[in-house]
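Welcome! Open your viewer, show the whole chain, and follow along one selection at a time.

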Amino acid sequence: MTSKDVDKKKLTLITTHVNADFDALASMLAAQKLYPDSLLIFPGSQEKNLRNFFVKSMAYMFNMGEIKNIDLSSVNRLVLVDTKQANRIGELSSLLTRDDVEIHIYDHHPAMEDDIKGHQEVNRITGATVTILTEIIKEKGIEISPDEATIMCIGIYEDTGSFTFSSTTEQDHLAAAYLLSKGANLNIVSDVIAREISPEQIGILNDMIQAATHYNINGIEIVITTVTFSNYVDDFAFLVHKMVKMENIDAIFALARMGNKIYIVARSRIPEVDVAAILSPLGGGGHTYAAAASVKNKTLAQTEHQLMDILHQKIKPKRLAKDLMSSPPIIIGAEVFCKAAASLMTRYNINALLVTKEESNKPTLVGFISRQVIEKALFHGLDQVPVKEYMTTEIASVEPSASLLEIQEKIIENKQRILPVTHNGVIKGVITRTDLLNILVRQTRNTLGNFQDPHRETIHARTRNIVKFMQERLSPGLMEIMKAIGEIASGIEMNAYVVGGFVRDLFLYRNNEDIDIVIEGDGIAFAKKYAKMHGARVHAYDKFGTAVIIFKDGFKIDVASARMEYYKFPAALPTVEMSSIKLDLFRRDFTINTLAIHLNPRKFGTLIDFFSAQRDIKDKVIRVLHNLSFVEDPTRVFRAIRFEQRFGFSIGKLTSGLIENAVKMDFFKRLSGKRVFAEFKLILEEDNPTPAIIRLNDYDLLKSIHPSIILHKELVGLLNSVKKVLSWFDLLFLEESYMKWAVYFVILMKHCDKSTTEEICKRLELAPRQQTIFFKERFEVEACLSWLERNIPLKNSMLYHRVSKFRTELALSMMAMTKSKPVKRSISHFFTHLRYVEPLIKGKDLIKMGLTPGPIYREILTAVHDARLNGQLKTRDDELDFARSYIK
């Protein structure tokens, strides 16, 4: 049936909204079953994926017409599906004003003030409109073919996110089950729903992610991204949905200029953000969780500004105590002296402390004490008096579910500097007067329309699910270990995270199987539980709350309790206390090492980024987390340089200035030689440490090793020579373990005399074995090299006896130090042809010759060995004949 065959006086049109999706298409098909003689009209464009599917495979099922071929005066009934908004049906909206046109509506969107009023309306809250029509078809007993059932099923699957969206209802499941019973093909459904993303779409998606800005509006994090295209972009809504899943976004508004229009696609996964209500003033519509709008005659900036105004009016504030409190709380025992309380306040830069008393083996809140009271107590010489004597015992508290209003009343009415958040007698966190003031100031600014700083302030960690990325990058065995860690931690009510360099290298596409696990709770107890269940061993270190899990095959996992560290004085070793994951990450050296991945089953694979580590990895920048980082631990300077050179990053401007300040203040002199050497050794163990050594020199840090180590052009050349020699040696594949760092260290000390060398060994607290290498054997090597340069060429036996007495590291250092090519070739010949040559005959062969055992054995075997090295002997018989001749 074509449009020309329709009786012009009884024409029924079925239509849907512009930019039709699969639910709209499926609903049109279902409506056609209810209105058999109708004509289907698309009011505008459809998503590209929809057009391809429709044109290529299912066109025969639809009685389609084009609006340009329809005489609208002949229309007496208009059926609307998946919409009831006049501005979303294009030219067909002209039919709405005619009294002779009957309007029938089937829709699942929430009611709005400007909805079209129909003569017949079926509105139900379901995940998809086609669900409503499927129910009616089922009730009326109308038969549908397997192909029709398949299309209708696609509509349900797409609009419910394969039944994962929060809008999915029981009716959607039942409708899909009915369609399946009618022959719906789930293979086709899967192929259509699981769209492949094209290279062009990947580029657009990347632009959207890079342009994303995070705003904090009334306590809710909102993401707004803006992009511009010269032409209309198909599947923009699909790309927004992809971004939501990739970045784990709660609420997003994506604005795109396409030609002369602004298109807005919004998605929300939280009840505080009703995107349909927010886009309504912009002429948009949809659901509380998914909506869209198109705006004409405005710039992108104007539209974004208007959207921001609406957001502040419409978003429901989320101001509960559990969202505002700091946790874990810093507390002090009632019997602790005032002097210790003052020290605690200074250490954590706080102005009040909660005071607790042990009752039934748990701390019970008994009061609080302020910095002002403590300072007065110290002024009066009461530093050895317990804080309980001067604490405020009348203290109000709130539950985690307390509202902002209740918090405000408690703090202001009780004149309380600090407000504990408690539940069942357990202190969960604290809210300070300063916290409340900051919240109220931000609220005031928002009311006045001063949007800039507060909105851009990121309160929470940036999170997103990276399970698929982990599956691509990690072996199945490692993934199973990660899942097992999360399951066991969850079973004992702890949170488990994999953190640090392992996660960093995941994003740098570098192999790293050094797994560091942080447990919010007792890390040692977790490690013992895991080891018991998996047949592994545990080495625990109670002082630091850490453990190492050792598997039967030798594989190891480091486990630590989430902790925070403080330093009693610059360059001291840290003092450790229990903490949360955020404070544990804050104690780390650089932002790039602060990424964590949640491993508990409910949040498995959730990437947590409190300190913009992803941005710094992308920008290739090394940054510290706070300005006193190098004061607390100067060894971080060595690590900054090591990471900079290893990854090809650069040290941030502020961080570089802080390094210069640490050198100027000479914090390194307080470091033990052992700690300096440990960090310097790690630099020398890098694949190519020379650039890092040059950077150490740039910051005048080589003097922390010893003032006599001066980097000059000749020394840089020798270091580069070491790199070439070691690369050559590694390519021999001898599978020999040796200390690469020692070769570089020998070269660095090349110009140091014995007295200076001894000072360096003592300063760095080298082990006796290492002192032997650098203080004794190094000078023997230099003497040997001098002799070789004067006496080359040599017989193989002579070369062997001169070089073989030195360990591998020293022989390689000779090869790196010499400028003589014949000497380099000779040492190379020693490694490749002479080093492993041994006589084929042994002492027992000499016994058979009737020779009495004694020193002569060694003399004979050495002579045989020399002759073999010099190429005089090839076989065992040659050696036996040589030995007999030698004996005679």
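This is a predicted model: local features need pLDDT of at least 70, side-chain atom pairs count only at pLDDT 80 or more; totals for chains, interfaces and linings use all residues.

Along its principal axes, the C-alpha atoms fill a box of roughly 130 × 85 × 50 Å. Switch to a cartoon view, where 37 helices and 29 strands make up the secondary structure.

Next, colour by burial: 50% of the 888 residues are buried. Now look for charged pairs; the whole structure holds 33 salt bridges.

K84 sits in the loop between β4 (75-81) and β5 (102-107) and D107 in strand β5, so the pair ties together parts 23 residues apart in sequence. Are these two buried or exposed? Both K84 and D107 are buried.

Move on to R695 and E644, a salt bridge with closest N and O atoms 2.9 Å apart. E644 is buried, at a relative accessible area of 5%.

Then select K740 and D730, whose closest N and O atoms are 3.0 Å apart in a salt bridge. K740 belongs to helix α29 (residues 740-748) and D730 to helix α28 (residues 713-730). K740 is partly exposed, with a relative accessible area of 31%, and D730 counts as partly exposed at 31%.

For the last stop, select D589, D633, R639, R642, R675 and E679: salt bridges with shared partners join them into one network.

Definitions and conventions:
Residues are numbered from 1 along each chain as its sequence is written. Side-chain values use heavy atoms; hydrogens and water are left out. Helices (H or I, at least four residues) and strands (E, at least two) are DSSP runs, numbered from the N terminus. Buried means under 20% relative accessible area, exposed over 50%, partly exposed in between (1.4 Å probe, protein chains only). A salt bridge is a side-chain nitrogen of Lys or Arg within 4 Å of a carboxyl oxygen of Asp or Glu.
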